[in-house]
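Subject: Structure handover

Hello,

The structure we spoke about is below.

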Amino acid sequence: FAAYVDNLTEFRKKMGKLSHLHLVGEEVVGTASIYGLDLSKLIFSGKDAGVGGEALSQQFRQQFGIELEMAAGSYALALSSVMDSRENFARLARAAETIDRAADEAPVRDDTEKDALLHLPQVMRLSAAEDAPWEELPLPDTAGRISAEWIYLYPPGIPLAAPGERIVPELLAQLERYRRQGMSLEGTRDLTGEKLRVVCETPGK
């Protein structure tokens with residue numbers, strides 16, 4: 001296991017030198033309700049390279065014979081494990097470095113630049129919101145309401161809204177963009193992702 005940790009640490013250091021591709025790291029911990037990071041999950045963001053997650057995944061597959069776990073929006077996800085050798089990590093690093101250098105020729109920024117993580121106002125304790133009476137509404141009708149459940153974006157498994165946070169119009173616009181990009185919104189009881197449970201609030205409060 002120690003060898004795996006060393007290989008993973010070395011790989012992440014190499015990826016920190018990329019100019020356009022970005023490997024999500026511990027910088028996201030403490031933002032947008034993110035309390036920890038599984039470093040074995042290698043989440044590549046292509047937004048600064050002007051490439052979407054699916055196109056990025058195809059480059060790894062077609063040019064280097066590397067099959068990633070999944071892709072959506074501007075992200076592509078590779079999973080690592082203790083079974084991965086030093087050479088496995090080196091091969092993935094060479095592929096990422098090659099894709100990154102290719103972006104130097106014509107870097108393009110797409111509209112994913114608008115999708116920075118939002119910091120929603122927390123107006124109730126999480127436990128209180130989860131236990132409160134709720135009603136289920138179509139997502140477009142939830143602006144200004146307090147969420148009674150989680151909304152996750154997968155990949156990379158980032159919570160976009162938590163129980164007790166107030167839904168803002170900017171979040172709804174962001175969710176609609178993610179849906180158009182084919183990303184999966186999870187965490188809601190409504191498996192279609194089209195409805196959200198919100199806290200029943202007393203008028204005037």
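Two strands are said to pair if DSSP finds at least two bridges between them. Please keep in mind that this is a predicted model.

The sheet

Strand 3 and strand 4 (residues 75-79) are joined by three bridges and run antiparallel. One of the residues involved is Met70, whose bridge partner in strand 4 is Leu77. The whole sheet is open and made of four strands, with antiparallel pairing and the order 1-2-4-3. Its edges are strand 1 (22-23) and strand 3 (70-72), each of which pairs on one side only. Helix 1 (residues 2-15) packs on this sheet, where it touches strand 1 and strand 2 (41-45). The direction of helix 1 makes about 10 degrees with that of strand 2.

The second largest pocket

What is the volume of the second largest pocket? The value is about 240 Å³. Its lining consists of 13 residues, and those that lie nearest the centre are Ile66, Leu79, Asp84, Asn88 and Leu92. Strand 4 and helix 3 (86-102) are the elements that give two or more residues to this lining. The largest share of the lining, four residues, comes from helix 3. By residue type, the lining divides into seven nonpolar, two polar and four charged.

Regards

How values were computed
Residues numbered from 1 in each chain as written. Predicted model: local features only at pLDDT ≥ 70, side-chain atom pairs only at ≥ 80, totals over all residues. Heavy atoms only, no water. Contact = heavy atoms within 4.5 Å. Axes fitted to C-alpha atoms, helices over the stretch in contact; angles between N-to-C directions. 1 Å grid on protein atoms, 1.4 Å probe; cavity = no way out; pocket = protein on both sides within 12 Å on 5 of 7 lines; lining within 4 Å. Points joined across faces, edges and corners; volume = space filled by probe spheres on them. Nonpolar A, V, L, I, M, F, W, Y, C, P; charged D, E, K, R; others polar.
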